[in-house]
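Keep the structure open while reading.

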Amino acid sequence: MAISGTPFASSVFSRVSGTLSRNVLLGNISRANDAILLAQEQISSNKRLVRPSIDPIGTNYALDYESRISRNDQHLRNISFMKGRMLMSDTQLGQARQLVVTAKQIQLEMAQDTADAQQRRLSAIEVDELLGEAVNIANTQYEDRYIFGGSLTSAKPFEVVSGAVVYNGDDMEMQCATANGLTVAGNMPGTTAFSAISGEIAGNVDLNPDISAATKLAWLNRGAGITPGLVSIGDGVSTAEVDLSGAETIGDVIDLINNNGLAAVTAAVNAAGDGLRLTSASGTVIVQEVDGGQTADDLGILTPAAGVVSPLNGTDLDPALRLETPMALLRAGAGLDASGITITNAAPNATYTASLNFAGMATVQDMINAINASGTFVHAELNDAGTGINIKSRMSGARLTLTENGGNTLSQLGLQMTLDRVKIEDLNGGIGVTHVVGDDLRITRQDGTAVDVDISGARTVADIIAAINNDSQNTGGLLVASVVPGQNRISLTDNSVGAGTLTAANINGAFAASNLGLDVAAAGNTITGNNLNPTGVETESVFTALIDLKAALLANDRWAISSVSAKLEYSDEAILSAQGEAGAHSVRIEMTETRVSDENVQLQKLLGEVRDADLVDLATRIQLEQTVYEAALAVAGKIMQTSLLNYL
Amino acid sequence: MTLFTSLNTALSALQSQMAALQTTGHNIANANTPGYTRQRVDFETMPPQDMVFAQLGKGVRVGRISRIVDEVLNEHLRGGSSALGNLQVRNQALTRLEGFFNELTDGDISTAMDDFFNAMQDFSQNPQDTSVRTALINQGKILADGFNFLSEKIHVGREQIDQEVKGAVGDINQITKEIAELNRSITGAENGGYDHDTANDLRDRRDLLLNQLSEMVQVKVIETSTGCANVLVGSNYIVFDNTAYEVKTTDKVNNGVLVSTPEFTATGINLELRAGKLKGLIDSRDDVLQGYSNDLNTLARSIAFELNKVHSGGVGLQRLSSIESVYAVSRESVSSTTGAPIATQGRVSNFVDSNTIIDSSLVGYANDFFEGLEVMMTSGANAGQRRRIVDFGGTLGAVGLDKPFDKPIGIGDTYQITSLYYPVKNGSFNINLTNELTGQATTYNISIDLDKIPIPPAGPGRDSTLESIRDEINAELPPQVRASITSTNRLKIESSAPNLTFSFSDDTSDFLASMGINTFFTGTDASDMAVNELISNSPRLLTAARSNNPGDNTNAQAMADLRTAMTLENGTASFEDFYQGIVGTLAADVAESSDRYETQKLISSQLENERERISGVSIDEEATNLITYQRAYQAAAKFASVIDQLLQTIIMQM
């Protein structure tokens, strides 16, 4: 706002020339005119801030409010996109549950003794239709996108191959900004909605790669990287600071130390191949941080202030396993056995097998690519910890097994399926272990103690073994269950002393003891169970349950039909939890939506206050200025026409 | 004493009153003439006749006709004009600039930025949708256009002001020439000072001209005893006696515009400008407009670079089978055996003068090694500025520049020696090949070695040049995908196999963004920012993903997140914050300058009124005078007629 004021004539008596009175009048008139014009501009645009300079501070607020409103509007748009998708997912999952409920009824009816082969065959046709329907639901499109495909949105994520259902999508959750700094998943991938990918066969051996000049600093310390900065290198005589902040790789670090450090101290990869080595001509190496940095420590070469005797062998830098990691550096530089692995995925109508030889493969990426391209519908990936690779099956209704290809590559990768890792429903050729509510088997120790074990909560053989060993009735832990090494059998060893015989028996109508192969005679204080005949890994999807149910119905196998009940239960639970997640998600989104819209209303109000015109105020002001203007004009008219000459 | 003596007395009265009436008429006639000073007739009595016993009055005569003027006030008026001229021009420039920004409307850059990032969000939610991609590209174009438009307006504004500087210098010459002429005339009319202060109308004209001159440039006026007004601009005479010293403008390039600098034609000395329109024009051109233009450039560069860094590392709906970099490196950075690295990091360790930097980290490089490349400052007062290297000495690490930086160089300022427009650092990027038939992707890591080791021109491991990057790509990748250097020194990567496509990722060196490979925007500042033609021609190349899946939106989300990322002012301001800062500063500048302008206008009109009060013509006063002189004339005529009757009486009696 301009300083308001009028060029006025001094009140002290003095002469008034014509130009003077004219100037004063014109000044008044033009000032009144300016004020009226501004008020008119503000009224006609309904904005107080017609120009930023009218109120610079208000302008800053207005700009800030405007951009926050614009961001919020976008967030609301994002939310509306997402709500549509999540609603669709929710609806489709509800329908999928209906399918499972129908399948469960069929399973219950057909598991009865009264059902005959003919009825079961007819039901199999019904189940097949349910399967087709389930695949259709999983391939739902919304706004031209497949909503259950993860980031694969342009092609059907689920397809039927050889009687099994293959998932071609991934587990990606598309992040969507719903408020400032807040993103939520805007879709539900098939992995969450339908458990379309099996639990992984996880590498449980650390592949522990060595470092090389090409190893990136960001991979070190299990992917935590190093703090960029300076290190001080000394040989006991002099010191030099080396700036490592621009270094990208181990090679860069070595180059920088060798070129910018002391001539007497040279760096290289240590003999173990897992860290750095600094050698000093003077016999002493001192490496210190600069300005409280962290770089030397992160690089494993920090020494006490007095230094150490040359050479300084740095600690293991423990690089994370990466796609780029050369195969030769794995297993502390020993590399992998090149004989490779054999992958078998057995679908109802075909078995897909690939024997992969790892010879000639340069990097981990080559190995993973070869596995993924093997045509066995598996998915290999690096594990999150950066220590090994995991392999999963993408094929529902098929069983995945990994075997050695003549060497010991599989065990080197930690991918061997030992019995303790097998899920109990994969035992006994896929029939699993039956159990009831309450205790499922009774083991009687030599001291006569009966140990009644409930295996309901167990998922894997290891869980069952733990359940036996830790049972409250197993006083003193004298009864020890374990997997017979290298075999698919469980053994029980009884360390109690007594006259009795060690036995394992079915109780409560369950068949757990038999199914676990333990209802055999003891040899001394030991029971060595029967071969549990584990099958491969399969997905826990609704498709697996339906495919297995169909196969069991066609085979007219009552036991098999019964055992499907557990799978139907799993898939039902999985869908239910996905539905619950979708619901919770929707609630969260709606809460965010409410919050963002409320905030926007507030912001609009604030913006209005700072930016918009106050019409009442302006109308009053314009009226006032109008009066001033008219008065000035009237005075001008009077003064301009009078002078002494009129009266002469 | 005789009757004839009395007749003479009557005559003197008639003549004097007539002169007074004439002067009154002159005053009335010039009541509206600018710069006119009212005149007054000073009567004085005729020398009396000595009558032994008494002195007998012999009538009246006109002593002088004087101007009613206050010289001190005139000097204040001139000072006021200078200040007003300066502020008026500055205020005009700022107000015009405020209009260009057009802020708080729907057609401003803040709206364009909002819309652009909103479109980016839409894109991240619908990465497969072509219409959303096209909408994003359009918003990108609108944003770039907004920057181009403002930049062009400011550029044209500077050129216009420059023309006005030239015009003002012409006006000054004309005025000073006339003042010199008037000096000569006044000295002549006042008989070399003998009749001091009598050439009223000439002096009025000169005062007016001096006032006009003050409006252009602040001057100091010294009047000599001969009646000459000598005029000083700073410490140099622009008018001395009858001579006007001509001024002219010389052209020099300042930030891409030829700017005129006023100087004395004869001596080449620059005019010392303290106030006045000329000062206002030059300030507006070189400080106000240039300052805002620099800020806009910083913002546009930052948006383009940050976005390009993310965009270049993403994957489009369609992967690439051929790409050529938008930018070229200069020929000095091509050869892998003799060339300079594509970028060499430096840090000012000292300086000899404003165009010679000393950098101890460059000791050991061969003499002349960097000549022809440019120094691009990356921190300090001159961040973003570029200067060509005309000399390099490897003994001291002395970098000689073609011209000094705008602001003083600071020890510790970092810079790059490069021919690119954005900084590149030691690092690497990945090229990911995809077999379109099987979907298999393979990653190849290409290192950008810029660690200054070993010092060129030494052998293997030396810093990357364009050829060494090309060679590394060709060594790493299968023979179906080849990198080459075009005749214009651009990098080109091409796949000859129809089913083998490529994309980029994990660029830690910023090489891709700096070379303009797979970028969203092209351009180096607000004036030439544009959406990369490659993208606008095929929206499917917009990169939403970081994998080969069409529903992957991670890259788009990362680009959308840049909206609020603290990327400017050493990580303390987002794009929006920075822009709001520009607008806020402009608004405050405009408000302040118009306040000062209004205040100065008040002061000046106050002074003007003061002058009018003293020197202006009042018709009432003149009318009163008219009556007075008329009556005096009538009385003198009556007196003459009485004397005539007396004479007649005597003659008739004879």
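## Terms and basis

A crossing is left-handed if the near helix is turned anticlockwise from the far one by less than a right angle, and right-handed if clockwise. Helices are DSSP runs of H or I with at least four residues, strands are E runs of at least two, and both are numbered from the N terminus.

This is a predicted model, in which local features need pLDDT of at least 70, side-chain atom pairs count only at pLDDT 80 or more, and totals for chains, interfaces and linings use all residues. Residues are numbered from 1 along each chain as its sequence is written, chains are lettered from A and ligands numbered from 1 in the order in which they are written, and side-chain values use heavy atoms, with hydrogens and water left out.

## α4 against α5 in chain B

Helix α4 (residues 130-189) of chain B packs on α5(B) at an angle of about 155°, with the axes 9 Å apart. Axes here are lines fitted to C-alpha atoms, for helices over the stretch in contact, and angles run from 0 to 180 degrees between N-to-C directions. The angle therefore makes α4(B) roughly antiparallel to α5(B) (over 145 degrees; under 35 is roughly parallel, 65 to 115 roughly perpendicular, the rest oblique). The crossing of α4(B) and α5(B) is left-handed.

Contact means heavy atoms within 4.5 Å. On the α4(B) side, the contact residues include B:Ile172, B:Ile175, B:Ile179 and B:Leu182. On the α5(B) side, they include B:Arg206, B:Leu209, B:Leu213 and B:Met216. By class, the contact holds 12 nonpolar, 4 polar and 5 charged residues (nonpolar: Ala, Val, Leu, Ile, Met, Phe, Trp, Tyr, Cys and Pro; charged: Asp, Glu, Lys and Arg; polar: the others, Gly among them).

## α5 of chain B

Helix α5 (residues 200-216) of chain B has 17 residues, which should span 24 Å at 1.5 Å a residue. The expected span is 1.5 Å times one less than the number of residues. The end C-alpha atoms of α5(B) are 25 Å apart, which agrees.

Buried means under 20% relative accessible area, exposed over 50%, and partly exposed in between (1.4 Å probe, protein chains only). Among the buried residues of α5(B) are B:Arg203, B:Asp207, B:Leu210 and B:Ser214. An α-helix has 3.6 residues a turn, so residues three or four places apart point the same way.

## α2 against α6 in chain B

Helix α2 (residues 71-101) and helix α6 (residues 277-312) of chain B pack at about 25°, with axes 7 Å apart. That makes α2(B) roughly parallel to α6(B). Their crossing is right-handed.

In α2(B), the contact residues include B:Val89, B:Leu94 and B:Phe101. Their counterparts in α6(B) include B:Leu281, B:Val288 and B:Tyr292. This contact has 10 nonpolar, 5 polar and 4 charged residues.

## Backbone exceptions

Most residues other than glycine have a negative phi, and most peptide bonds are trans. A:Asn221 has a positive phi of about 50°. A:Asn221 sits in helix α5 (residues 220-223) of chain A and is partly exposed at 27% relative accessibility. B:Asn518 has a positive phi of about 60°. B:Asn518 lies in the loop between α8 (511-515) and β25 (521-522) of chain B, and is buried at 2%.

The peptide bond from A:Ser310 to A:Pro311 is cis, with omega near -5°. A:Pro311 is in the loop between β13 (308-309) and β14 (312-313) of chain A.
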